[in-house]
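Student: I'd like to go through a structure together, feature by feature. Could you give me the general idea each time, and then the case at hand?

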Amino acid sequence: MNDTEFMNRLHQRDPVAVQYLTDTFVPSLWRYVYFRVNGDQHLAEDIVSESILAMVNYAEKNASIERPSAWLRTVASNKVNDHFRAAARVQHLIDDARETGKYVEEEDAVAKQILVEQRIDVRRAVDRLPEEHRLALEWKYIEKISVNEISIRLGVTEKAAESILFRARRELRSKLTSLDEDEEGGRPSLKQRESTTAQTSPASAAKKNNYSNS
Amino acid sequence: MTNDPSKSDFGVELVDPELEQLLGDAYDAPPVPRSLLKKIDRTIKSEWGESPRVSESRTNKVRSELTKRTRWLRAVPVAACLGIIIAFALVFSSGSTTYAWSKVVEAMAKQGLIEVDTVDGSRWVSLSERVVGEANSDSLVVADANQKAVFYHRYGSEKILKQKMASDDFNENKLLVHFFAGDMASDSRYSNLKLSSEKWEQVNEDIALDVNFDTDDGEAVNLHLVLDAETHLPQRYRITTSNKDLDTSNPLSYSEGLLADNESRQLPGNLTITTVDDIAIASLSTPDKAEQIDLADLVNDSQSMQGSDSEASESIALATKDGSSGIGFDDWASQAPSTWQAVIKDNSPGSKTVDKVNDLITELWEEKNITPVAPAEDVELLRRVYLDLAGRTPSVNEVRAYLKDDSGQRYENLVDRLLKSPDHASHLAAVWRTFLIPEGVDLDAFGGITAFDKWLAKRFESGDGYDQIVDDLLLAEGRLSRSGPLLFYSAVKLNPDELAARTARVFLGMRLECAQCHDHPFEPWKQEDFWGFAAFFAQISRPNAELETVSTVMRVSDVDHGEVKIPLFDTVVAPKHLNTDLPLEQSKLARREQLVEWLTSADNPYFARATANRVWGHLFGKGIVDPIDDFGTRNLPKSSELLDLIASRFVSTDFNLRELFRLIVLSKPYRLSSGSEDVDEQRLEWFAQMNVKTLTAEQVYDCISVATLLESSNMENPYAFNVSRFGNGERETFLKQFRTPAGRSTEYQGGIPQALTLMNGTLIDGATGLARSGLLASLDAPFFTNKQRIEVLYLATLSRNPSSTEWTMLQEYIPQDATGDELHQGLSDVLWALLNSAEFTMNH
């Protein structure tokens, strides 16, 4: 099923479309939201299901979504942001963050911090890949989907799917390397960047006393 | 769908265990939970009318999983029993203290008078006497539950207005809600107050108790109390009604005395009491003296706006008249800072602005009837400008070259040269670092101050606008241990409140932290303003361990979540700029980016003025607003027009710091002498005489280094000389010994350690000893007379020749015919005396 057919079926309220959605897009969306909300499963479930509802409603009115996975991600991202902005709901997250952000033993601290930083780096690099490349990598190396299945999902030949995976891996490595280089030089000043597109940063968890990243 | 990649992979190169591991670790999330699939089913069913049943496709798999785990299920009852036992144990072992509104009321009833300060007065309650009251600057209201009446007295009036209470329910709850919320005159408000819910929790050492009341008229009241854990007495409170937020965080005070013993809280006894139907209406229509009181209020307000300093009010008068600056001028200083407008750009040439500054300051002196001292002599000005711009005294070659230069523009040329020198950049870096980094913090774990100084020096040397430098500093990211500017963040452990306080002081010239724990006592900044500013620093990545421990690997970057909340009150505050009440617009920019976009904009009313004042303060030892980081309605500038003139030039040159320094050091007041025949504080106060400033530890070292030729100067080009400030171990050791607490540069901060370091320290020992001192070694040259040798010592240390009195003494000490050891010892002693003189350690 390609994206157009999926949207048409969703528009027609075909349960197969929902099955396809949960098989194809939900695992990736789940992981994305899960890390954005610092592992709060209940919250992640709420946001993912709300995002899917938004897509179902959107499909009812207008079936044309060019990249459903990207569309879902944007909606989910906005919902995460809305969530953190809503002061009434932030409070319990701050409390949660107190729990999740417990200080670790000093001897483990550096090693754990390195791990945290490395994983953030990888997710940040993956987030910056083109949608098709990101999905292909997640399907292949996280969900262990076969290339044949990936090619069907992407609506391309197996050879083309292999090629996409090859380029995605190359690009990911290149982005991981450039992240290492970036940290030496810092970022360009705001005024220098005015003409360029602002890049969004990925999330990382932290907290301290009465202020917290949650 | 197959899950075996090996079955369908055509290319072997796609098998990548390393990448698989990398991604597996980075995305180590639990699988999509079945509860989510069920939720999706339910959600879609509510839309479509039937469920797509996506969760059922996994049911069998889950069942088989559960079957495998039946042995775990058998353990559940045991675990549940254990859990209950532990829970009971916890409840009974953790103490039985609970906190409730009834206990709070009981504790408060045992007290006498309970008081809290309000914006312009105070409120009090005495539960035992069943009286609650409020006094402000013009009236007194008392609600007496025993007499079932509310009394109102306007000061100066001959009457007391009395209104019978509309309801009989003036119980303790109502007394206390009126006490916390105010609004005594409306006794019908909060009628039939009913406690609807309450909840307490421990916050650090305090107890937070949330109490909700409902009223008959549907008004909900939420009272948030911070209790003392032992006495149950409220220490602070916040009250919110469904109509409005009546919050206050003022502390409550308790006394054992009763209201009856406190005359200031009682109604005057000798006045007529007039019963009225509605005090609120009657008090407005009372003909007695209302107008006079209003007029008096206006006068009082006006006085309080101008502060108690009569000189300050005069400066406003001067500033508001049509001055000669030529720029449109609106006196902002006496208005609330949140209403200040941005400075208007002054696009006239720099020399014109210098003239305008001179004209304006001359008018100011005439207005104040102050006669300025004479202009500084060449050598005095030369030494001053070197110390202020390059952080060191001129070398002998530089003094001689300057004095030999007979061009009319030699001072201007010198200033330009100094402003472009590396010494200026590195000196400025050290000066700015003292503003930006708190004292007494061990910074070694974060790369130390040298990396920070180097970064700042490089940025100042680049000639980039100050706005860009501040942008780069505030937006710094990367590894803590590798990035110089990140010391600004790591020095305060990335704490948003400390970052906000420091940023506001240095870049906005305001002590916003005074509004951290309560509303600002003197300025119209609320607690929300401070925390709204701090919220800009809330979304920075933070470690899950002590910062020092992970500083080698910790990377600072913007994240998209994180909030600040007002301590004890749990109120999450959204980021907000200081000069607006509007929330931030939706933006893709990170919070720090949104902050700097506003902070360093030409439209920001504080940034340019604060910087202009800071540079003025650095050069004069005293700001136009003084202290330099305390702008506000209670601390007015000496001349707001003068400050705006300089700030507008700064803005119009795109925040060019060199131009700002140039403007000030070329101005007339900077070129005045620091000496005078008589003492006149007014002259110093109004920049009609230069303040004498003490040298910083860095300046003392650099001056000794230059004077004694610890570093060799370039004989061919005297102006090519620069001191080595980075990677100089001896300098760092000296700075550790000699550093004094930060304070005013016009006040001597040194003590015994500093005096001993100068007298006996290894640096001085080497600098005045023949073995090391390049200066003394160079004086061995046979073509020098002893008089010339002494002259060189003076030029090297004090940048001047000896006075006639000094000559007389020195010629006795080192006769013209002295040679050999006698000469060497004499010169060494003179050099030691000069380095230990007050004149050497001062900037005149």
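Student: Which residue forms a salt bridge with Arg505(B), and how far apart are the closest N and O atoms?

Tutor: Some ground rules come before that. This is a predicted model, where local features need pLDDT of at least 70 and side-chain atom pairs count only at pLDDT 80 or more, while totals for chains, interfaces and linings use all residues. Residues are numbered from 1 along each chain as its sequence is written, chains are lettered from A and ligands numbered from 1 in the order in which they are written, and side-chain values use heavy atoms, with hydrogens and water left out.

Tutor: Now the general idea: a salt bridge is a side-chain nitrogen of Lys or Arg within 4 Å of a carboxyl oxygen of Asp or Glu. Here Arg505(B) pairs with Asp629(B), and the closest N and O atoms are 3.0 Å apart. Arg505(B) sits in helix 19 (residues 496-508) of chain B and Asp629(B) in the loop between helix 23 (607-620) and helix 24 (640-652) of chain B, so the pair ties together parts that are 124 residues apart in sequence. For the element names, helices (H or I, at least four residues) and strands (E, at least two) are DSSP runs, numbered from the N terminus.

Student: Are Arg505(B) and Asp629(B) buried or exposed?

Tutor: The cut-offs go like this: buried means under 20% relative accessible area, exposed over 50%, and partly exposed in between (1.4 Å probe, protein chains only). Arg505(B) is partly exposed at 27%, and Asp629(B) is buried at 11%.

Student: What other pairs meet in a salt bridge, say for Asp678(B) and Arg800(B)?

Tutor: Asp678(B) meets Arg683(B), with 2.9 Å from N to O. Asp678(B) is partly exposed at 42%, while Arg683(B) is buried at 7%. Arg800(B) meets Glu806(B) at 3.0 Å, N to O. Both ends of that one are buried: Arg800(B) has a relative accessible area of 18% and Glu806(B) has 19%. There's a network as well, where salt bridges that share partners join Arg31(A), Arg73(A), Asp127(A), Glu131(A), Arg134(A), Glu138(A) and Glu143(A). Over all chains the count comes to 45 salt bridges.

Student: How many helices and strands does chain A have?

Tutor: Chain A has 10 helices and two strands, running α-α-α-α-α-α-α-α-α-α-β-β from the N terminus on. Of its 214 residues, 52% are buried. As for contacts (heavy atoms within 4.5 Å), take those in chain A between residues at least 6 apart in sequence: 62% of them join residues at least 24 apart.

Student: At what angle do helix 3 and helix 4 of chain A pack?

Tutor: In general, two packed helices are described by the angle between their axes and the distance between the axes. Axes are lines fitted to C-alpha atoms, for helices over the stretch in contact, and angles run from 0 to 180 degrees between N-to-C directions. Helix 3 (residues 26-36) and helix 4 (residues 41-61) of chain A pack at about 135 degrees, with axes 9 Å apart. That makes helix 3 of chain A oblique to helix 4 of chain A; under 35 degrees counts as roughly parallel, over 145 as roughly antiparallel, 65 to 115 as roughly perpendicular and the rest as oblique.

Student: Which residues make the contact?

Tutor: Helix 3 of chain A brings Val26(A), Leu29(A), Trp30(A), Val33(A) and Tyr34(A), and helix 4 of chain A brings Gln41(A), Ala44(A), Glu45(A), Ile47(A), Val48(A), Ser51(A) and Ile52(A).

Student: What about helix 9 of chain A: how many of its residues are buried?

Tutor: Six of the eight residues of helix 9 (residues 147-154) of chain A are buried, so this helix is largely enclosed by the rest of the structure. The buried ones are Val147(A), Glu149(A), Ile150(A), Ser151(A), Arg153(A) and Leu154(A). Just after helix 9 of chain A, Gly155(A) takes a positive phi of about 70 degrees.

Student: Which residues other than glycine have a positive phi?

Tutor: Most residues other than glycine have a negative phi, and most peptide bonds are trans. Arg13(A), with a positive phi of about 60 degrees, is one of the cases here; Arg13(A) lies in the loop between helix 1 (3-11) and helix 2 (15-24) of chain A. Asn369(B) also has a positive phi, near 60 degrees, and is exposed at 71%. As for peptide bonds, the one from Asp626(B) to Pro627(B) is cis, with omega near 0 degrees.
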